[in-house]
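User: I have a complex to go through with you. Please tie each label to its criterion.

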Amino acid sequence: MVTQNAMTVSSVAAGAGISVGPRDTRGYRAFTAVNTVVLLVVCAVMLYPFITVVAQSFSSPGAIKAGLVNVWPVGFNLDTYRAVAQNGTFWGAYGNTVLYTFLGTTIAMVLTTTFAYAISKPHLRGRSVLIGLAVFTMFFNGGIVPNYVLISALGMKNTMWAVILPGAISVFNLLVMKAFFENLPRELEEAAQIDGLGWFGIFCRIVLPLSKPVVATMVLFYSVAYWNDWFAAFLYLDKQELFPVTLFLRNLIAGASTTASEGAAVAGTTTAAISANIQAVTMILTIIPILCVYPFVQRYFVSGVMLGSVKG
Amino acid sequence: MVAETVGRRQVVGRRPWNTGPPRGHGTKLPWRVVWRRDGVLYLMAVLPVLFLLIFRYGPMLGNVIAFRRFRPGGSIFGEEWVGLLYVDMFINDPTFWHVFGNTVIIGALTLIVGFPLPIVLALLLNEVRKKAFKRAVQSISYLPHFLSVVIVAGMVMQLLSLQGTVNQITEALGGEAVPYLQRPEWFRAIYVGSEVWQTLGWGTILYLAALTTVDASLYEAARIDGANRWRQTWHVTLPGIRPTMITLLILNIGTFLNVGFEKVLLLYSPLTYATGDVISTYLYRVGLVSNNLSYAAAIGLFQACIGLVMVLSANLISRRMTGASLW
């Protein structure tokens with residue numbers, strides 16, 4: 001109501017320079033100060049767990065056990081890093097994670113981009129059926145028991161495919177991608193058609209090069225999902241040499257892994273204390289790759305997600 | 001290869017396809033023509049569709065084992081019909097209703113706390129004039145979203161351990177150290193708190209995007225009418241982002257019962273089953289640890305159906321009341 005009536009005068013008022021809004025009042029300045037403090041607190045809360053883990057990774061087990069480590073390392077040492085770096089099981093798991101992430105992301109990207117391109121063509125007959133087929137799975141899924149039965153029946157237990165294949169199409173990513181393809185200017189594709197390029201040629205040579213932002217976003221989303229996944233491995237893998245690093249870490253935390261006691265033997269202290277700093281180092285080494293790519297792709301993913309919100 | 005030949009033949013043979021208004025709207029083209037025009041598009045969709053059929057629809061059909069006796073190593077669709085045996089079983093299982101209650105409570109708490117906070121943070125961020133500061137806060141608050149749930153659980157355990165920061169503060173204030181993760185009364189708070197920590201920043205993205213689309217002249221108009229900052233937020237900003245809020249609310253309601261299963265599995269222990277055990281962890285233990293696969297499938301199917309009903313009804317209500325709908 002308020003806004004409706006004033007709509008007509010707004011342009012006049014702006015022209016007359018009546019823009020000394022409440023933004024400049026004392027009340028608003030007080031709000032700005034409070035707001036800044038609140039946001040700084042939010043940042044501190046977000047960062048604190050990271051800082052503690054970093055501090056613990058450099059601290060001596062004794063200091064952690066005594067409850068002295070918060071934001072700053074106590075009893076600074078690199079022994080834990082050395083112990084973890086010499087642990088073959090850890091690097092084996094790390095290598096598995098890299099392999100699963102790389103293969104999984106590749107397969108997922110191929111399936112997602114090709115499917116998204118096909119269903120982004122408004123004239124495609126049966127398009128709504130294909131979209132419906134995908135969207136329905138967002139709201140209804142089989143559940144873990146039938147999934148487990150299926151993976152077992154396909155003979156994929158204790159193979160890396162059990163970890164890689166089931167996650168290969170995320171419908172959310174698919175819809176974001178489809179929306180992006182729909183928004184590409186049609187003229188380019190039409191020009192390519194006249195030049196005699198088929199759909200697949202257009203897709204590879206025109207559409208994909210134009211879609212770098214969304215492709216970068218999707219590569220990030222898929223690779224983070226594969227990198228972070230532990231549950232598929234937990235369910236389907238029994239052999240330690242196939243474990244990804246997240247499952248290795250989970251077992252470390254659960255104290256179920258023999259590696260924790262190996263670590264304790266190395267440093268010659270109690271299992272509980274040593275595993276706290278070994279956990280910290282393992283966590284950091286697991287987070288680091290994500291932190292490394294994060295700044296580069298950040299500008300892409302925000303636009304990617306927003307795109308999904310517009311059309312998804 | 002295929003694409004090239006099809007394309008060229010098309011160009012040589014008849015008019016280039018898809019120039020001008022697409023034919024086939026209104027008049028039905030024969031499939032043969034459609035195939036010649038779009039065959040490659042269908043071929044591109046074959047693998048993804050196969051994937052969906054096997055890995056998404058396969059397990060959906062696999063749910064028939066909820067009504068059939070399942071023998072490990074036998075058919076994935078079970079051996080013989082047993083009717084509603086397993087449904088009867090869980091309806092008469094007090095543990096099921098207990099974990100059902102836990103799930104509803106944790107889901108409701110997560111929704112009540114976790115849904116409004118990103119909106120508040122987005123509004124606060126929207127008031128920040130210094131671009132660099134705003135961007136820094138955003139980058140930092142998105143970060144937890146990218147962590148594995150294993151790492152989040154590890155961090156929670158370290159912070160709440162007897163030597164952890166929380167207990168250090170408690171002791172500094174003269175309290176006694178509490179083994180939080182072994183106390184059922186703390187489980188919900190821990191779960192919801194860590195959930196908020198991980199999702200708060202990421203949740204703001206869509207709202208911030210929606211905020212940029214609010215018409216600036218509306219603010220000016222409100223200001224001229226004497227609306228202060230608070231009233232502008234209430235009467236202009238919030239209505240402006242209402243469609244986003246409703247969409248996200250519907251999605252959140254749909255996933256209400258899928259309480260972060262993996263995190264619960266990592267954080268709970270027999271000591272905290274009283275409040276922490278949820279439907280999915282219960283069916284995981286019953287099905288995959290104790291091997292009652294049919295029984296667990298029945299519970300899972302029930303859960304999935306409730307989820308579907310909830311999302312459909314939330315969408316229906318929203319369409320009736322506000323006109324906003326997911327599809």
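Analyst: Start with domains: their bounds come from an automatic or database domain assignment. In this predicted model, the centres of domain 1 of chain B and domain 2 of chain B are separated by 45 Å, taken over C-alpha atoms.

User: What makes these two stretches of chain B domains?

Analyst: The assignment does. It gives domain 1 as 2–52 and domain 2 as 85–322. Bounds of this kind come from an automatic or database assignment, so the label rests on that source.

User: Where in chain B is confidence lowest, and where highest?

Analyst: pLDDT runs from 0 to 100. Helix 1 (residues 2–13) of chain B has the lowest mean, 38. Helix 5 (residues 116–126) of chain B has the highest, 94. Residues 1–21 of chain B stay under 50. For that stretch the model has 29 contacts beyond four places in sequence. Chain B as a whole averages 85, and 91% of its residues score at least 70.

User: What are the scores for the complex?

Analyst: The predictor gives an ipTM of 0.84 and a pTM of 0.85.

User: How do you know which residues of chain A are in contact with chain B?

Analyst: A contact needs C-beta atoms within 7 Å. By that criterion, 86 residues of chain A are in contact with 90 residues of chain B. The chain A side divides into 56 nonpolar, 25 polar and five charged residues.

Note on methods:
Residues numbered from 1 in each chain as written. Chains lettered and ligands numbered in written order. Predicted model: local features only at pLDDT ≥ 70, side-chain atom pairs only at ≥ 80, totals over all residues. pLDDT = per-residue confidence, 0-100. Helix = DSSP H or I, 4+ residues; strand = E, 2+ residues; numbered from the N terminus. Contact = placed C-beta atoms within 7 Å. Nonpolar A, V, L, I, M, F, W, Y, C, P; charged D, E, K, R; others polar.
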